[in-house]
Amino acid sequence: TEGGVWMRAALYQYLAANCQLIKSWHQPGGPDKDTQKPYGVIKLGEETRAPFNNRGFFRELTIWPYFKVGSFVPVDQAVAELKGLLAGTILTTSEGHKFEIEWVHTGGDFQDPDLDAITRRIEFRIPRVGR
């Protein structure tokens with residue numbers, strides 16, 4: 001398998017070039033309450049074994065769109081845009097490796113007091129083969 005660094009770079013490049021509602025993308029722990037909103041956070045998460053294939057696994061991908069505290073309508077719009085951009089999309093890393101993104105779950109409305117922002121978690125997974 002390839003490292004997450006190339007996958008992460010491909011995700012950042014794709015979202016920066018294609019997302020209309022969010023232009024600024026960060027890693028987890030980077031933004032603080034003074035970070036200009038809206039912005040998005042991309043988190044590559046755990047790898048989980050595929051249930052029916054001992055050579056396959058999934059890499060978790062979580063996206064958070066952050067907006068100023070207020071109406072959740074912009075969050076709704078960003079979630080819809082991000083699901084449309086990512087679900088079922090196949091990206092290619094700079095090394096030429098392809099990976100597909102599957103939508104899994106969208107969380108509920110959340111106000112983050114530490115970041116002085118509102119958001120909603122969008123969970124995806126990336127199927128992988130080999131070890």
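First, the ground rules. Residues count from 1 along each chain as its sequence is written, and side-chain values use heavy atoms, with hydrogens and water left out. Because the model is predicted, local features need pLDDT of at least 70 and side-chain atom pairs pLDDT 80 or more, while totals for chains, interfaces and linings use all residues.

Now the pocket. A pocket here is an open set of points on a 1 Å grid over the protein atoms alone, where a 1.4 Å probe fits, with protein on both sides within 12 Å along at least five of seven lines.

What lines it? 14 residues do, each with an atom within 4 Å of a point. Nearest the centre are E60, L61, T62, E123 and F124. Strands β2 (39–49), β3 (56–68) and β9 (122–129) each give two or more residues. Strands are DSSP runs of E, at least two residues, numbered from the N terminus. β3 gives the most, six. By class, the lining has six charged residues (Asp, Glu, Lys, Arg), five nonpolar (Ala, Val, Leu, Ile, Met, Phe, Trp, Tyr, Cys, Pro) and three polar (the others, Gly among them).

Next, the backbone. Most residues other than glycine have a negative phi, and most peptide bonds are trans. K37 and P38 are joined by a cis bond, omega about 5°. P38 sits in the loop between β1 (25–26) and β2.

Then D116. Its phi is positive, about 50°, and it is not a glycine. D116 lies in the loop between β7 (110–112) and β8 (117–119). Buried or exposed? D116 is partly exposed, at 43% relative accessible area; partly exposed falls between buried, under 20%, and exposed, over 50%, with a 1.4 Å probe and protein chains only.

Note on methods:
Helices (H or I, at least four residues) and strands (E, at least two) are DSSP runs, numbered from the N terminus.
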